[in-house]
Amino acid sequence: MTRRRWIADEISGNRAAIVGDHADHLVRVLRARVGQDFDISTADSVRRGRITSLSSQRVEFELREEVQSAAPIAITLALAIYKFDRFEWAVEKCTELGVSRILPVIARRTDSHLASASEKRSERWRRIARQASEQSRRMAPPELADPAELPQILKLEAPLRVVLAETGNCAMLPDVLKDRSAAALTNGPIGEIILAVGPEGGWTGEELQTFPKAGWIAASLGTTILRAETAAIAATAIVASAMLSSP
Ligand code: SAM
């Protein structure tokens, strides 16, 4: 039987609690009862939790045996900021697909008012990632960083860093991964990947030149121009399946 999963707000030994809106949803909407079992994620493991006390602001659990759970996939998504409702959709879907980290990027074509409003929006993005993590039965939500300018993102280190470019004059993403896994025979598993997806208006020509200079590989998702959230979801799904099926 699949038990609903919650990410604990507080953990101490064999006890855990969820509080605030989180607890209110469990008590008022899901009508939870003392003695009922749920899966409780404690960030580094998932355990069966039995409700020992509950109120609309606090639900306490006694933690029992560990439950099987998928480890996060080492995919970092550097997502250029664009219209919030569609950006948030990408956050939700890529969280479901298993990304381990999301970096909101202020790119040249990110609207200035969205760039300045993004700092205040980060808490909402973390809440969306947390709810999507519980719904998709992840062990823990992805790390969601504060918005950063592109030059900071370019400096990030990882075994493979890929910029999704709609310009079409670059290798297809699956081929980039295949080449990388071919290289894996000599230098070990694929390891962490950073994927960068441009804003609605795309990367500027100048930005696209900075990526290879910083050691990033450009990759295509095909001849059609995808919306940014579609590109983020497609690229994450392609990489996740490659990672989950690689030796
Ligand atoms: N500037 C583009 C245009 O209107 O011609 C649209 C940019 S697209 C909506 C937003 C981002 O999605 C791009 O910067 C790129 O990162 C990614 N993207 C969209 N289609 C892609 C494709 N076919 N291959 C690789 N990346 C793609």
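**View 1. Strand β12 is covered on both of its faces.** On one side sit Ile193, Leu195 and Val197, on the other Ile194 and Ala196, and all are buried (buried means under 20% relative accessible area, exposed over 50%, and partly exposed in between, using a 1.4 Å probe and protein chains only). In a regular strand, the side chains alternate between the two faces of the sheet. Five of the five residues of β12 (residues 193–197) are buried, so the strand is largely enclosed by the rest of the structure. Keep in mind that this is a predicted model, where local features need pLDDT of at least 70, side-chain atom pairs count only at pLDDT 80 or more, and totals for chains, interfaces and linings use all residues. Residues are numbered from 1 along each chain as its sequence is written, and side-chain values use heavy atoms, leaving out hydrogens and water. Strands and helices here are DSSP runs numbered from the N terminus (E, at least two residues, for strands; H or I, at least four, for helices).

**View 2. Strands β7 and β11 both pair with β12.** Two strands pair if DSSP finds at least two bridges between them. β7 (residues 75–80) runs parallel to β12, joined by five bridges; look for Ile75, whose partner in β12 is Ile193. β11 (residues 160–164) is also parallel to β12, with four bridges, and here Val162 has Leu195 as its bridge partner.

**View 3. Six strands make an open sheet.** Reading across, the order is β1-β4-β5-β6-β3-β2, and the pairing is mixed. At the edges are β1 and β2 (10–12), each pairing on one side only. From one strand to the next, the twist averages 35° (axes are lines fitted to C-alpha atoms, for helices over the stretch in contact, and angles run from 0 to 180 degrees between N-to-C directions). Zoom in on β4 and β5: five bridges join them in the antiparallel sense, and Ser41 meets its bridge partner Val46 in β5. Helix α1 packs on this sheet, touching β1, β3, β4, β5 and β6, and its direction makes about 95° with that of β3.

View 4. Just past the helix, Arg31 takes a positive phi of about 50°.

**View 5. The largest pocket is lined by 14 residues.** On a 1 Å grid over the protein atoms alone, a pocket is an open set of points with protein on both sides within 12 Å along at least five of seven lines, and lining residues have an atom within 4 Å of a point. Trp6, His22, His25, Gln131 and Glu134 lie nearest the centre. Two or more lining residues come from each of β1, α1 and α3, with α3 giving the largest share, five residues.

**View 6. Thr110 sits in the loop between β8 (101–106) and α3.** Thr110 is buried, with a relative accessible area of 8%. Leaving aside residues up to four places away in sequence, Thr110 touches Ile81, Val105, Ala115 and Pro199. Glu206 is 96 residues away from Thr110 in sequence, and the two are 15 Å apart in space, C-alpha to C-alpha.

Methods: Contact = heavy atoms within 4.5 Å. 1 Å grid on protein atoms, 1.4 Å probe; cavity = no way out; pocket = protein on both sides within 12 Å on 5 of 7 lines; lining within 4 Å.
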